[in-house]
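The following exercises concern a single protein chain. Each task is followed by a solution in steps.

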Amino acid sequence: MTTPPTYVFIDTSIFLKNGFTVDRAMFNTLRSLCDSKKIKLLSTDITDNEIRSNIVKSIKELKTEFKKIASKNRITEMIGGENYKEFIDSKTTEKISEDIKRKVDLFLEECKAQIINASEQTAKQIFNDYFLKKPPFGEGKKKHEFPDAFVLSALKNWCLENDTN
């Protein structure tokens, strides 16, 4: 008898913490566990959108910081040459973003991740949790947690529908 896989969800924060570099050891371990069918990776449409948004935001923040450093130390232009100018060009943000997202998508594809549609969850229970300060909201009403609340609701419903934890 085969042991059923453990279902694993990776939050956007894990991708962000790792700089969206999906060829690191942790992601390679996840690939291997997916290949051996020990785990089944789950994700959501909202998580996908959060990843895309955070990639663009990270690139823009890096460009801003790089420009600050370059303005204080002009030698960066000499060291980077055309690469420097190309990097700080606003037109490259989309290209760099798409390259990174393509690598994240390939990782999810290699892991045969199941994408759950979290954006279609009903809002009633999520708003109840918000006003009752239940996770992920807690004290302070953390309005920025709404995407996570929809993701959690989708994962919870998926688990109920699939009779798993």
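**Exercise 1.** Determine how many nonpolar, polar and charged residues the lining of the largest pocket has.

*Solution.* Step 1. The lining of the largest pocket has seven nonpolar, five polar and two charged residues. In this classification Ala, Val, Leu, Ile, Met, Phe, Trp, Tyr, Cys and Pro are nonpolar, Asp, Glu, Lys and Arg are charged, and the others, Gly among them, are polar.

Step 1. The model is predicted: local features need pLDDT of at least 70 and side-chain atom pairs count only at pLDDT 80 or more, while totals for chains, interfaces and linings use all residues. Residues are numbered from 1 along each chain as its sequence is written, and side-chain values use heavy atoms, with hydrogens and water left out.

Step 2. The largest pocket is lined by 14 residues, and Gln125, Asp129, Leu152, Ser153 and Lys156 lie nearest its centre. A pocket is an open set of points on a 1 Å grid over the protein atoms alone, where a 1.4 Å probe fits, with protein on both sides within 12 Å along at least five of seven lines; lining residues have an atom within 4 Å of a point.

Step 3. Helix 7 supplies the largest share, six residues. Helices (H or I, at least four residues) and strands (E, at least two) are DSSP runs, numbered from the N terminus.

Step 4. The volume of the largest pocket is about 250 Å³, where volume is the space filled by probe spheres set on the points, joined across faces, edges and corners.

**Exercise 2.** State which residues line the second largest pocket, and describe Phe20.

*Solution.* Step 1. The lining consists of Gly19, Phe20, Thr21, Val22, Asp23, Arg31, Ile100, Lys103 and Leu106. The volume of this second largest pocket is about 150 Å³.

Step 1. By class, its lining has four nonpolar, two polar and three charged residues. Helix 5 (residues 92-110) gives the largest share, three residues.

Step 2. Phe20 is found in the loop between helix 1 (12-17) and helix 2 (25-35). Phe20 has a positive phi of about 60° although it is not a glycine.

Step 3. Phe20 counts as buried because its relative accessibility is 6%; buried means under 20% relative accessible area, exposed over 50%, and partly exposed in between (1.4 Å probe, protein chains only).

**Exercise 3.** Is Asp163 buried or exposed?

*Solution.* Step 1. Asp163 belongs to the segment after helix 7, and its phi is positive, about 50°, although it is not a glycine.

Step 1. With a relative accessibility of 75%, Asp163 counts as exposed.

**Exercise 4.** Describe how helix 3 (residues 45-72) and helix 7 cross.

*Solution.* Step 1. Two packed helices are described by the angle between their axes and the distance between the axes.

Step 1. The axes of helix 3 and helix 7 come within 9 Å and cross at roughly 145°. Axes are lines fitted to C-alpha atoms, for helices over the stretch in contact, and angles run from 0 to 180 degrees between N-to-C directions.

Step 2. Ile46, Thr47 and Glu50 in helix 3 meet Pro147, Asp148, Phe150 and Val151 in helix 7, contact meaning heavy atoms within 4.5 Å. By class, this contact has four nonpolar, one polar and two charged residues.

**Exercise 5.** Where is Pro136 placed?

*Solution.* Step 1. Pro136 is in the loop between helix 6 and helix 7.

Step 1. The peptide bond from Pro135 to Pro136 is cis, with omega near 10°.
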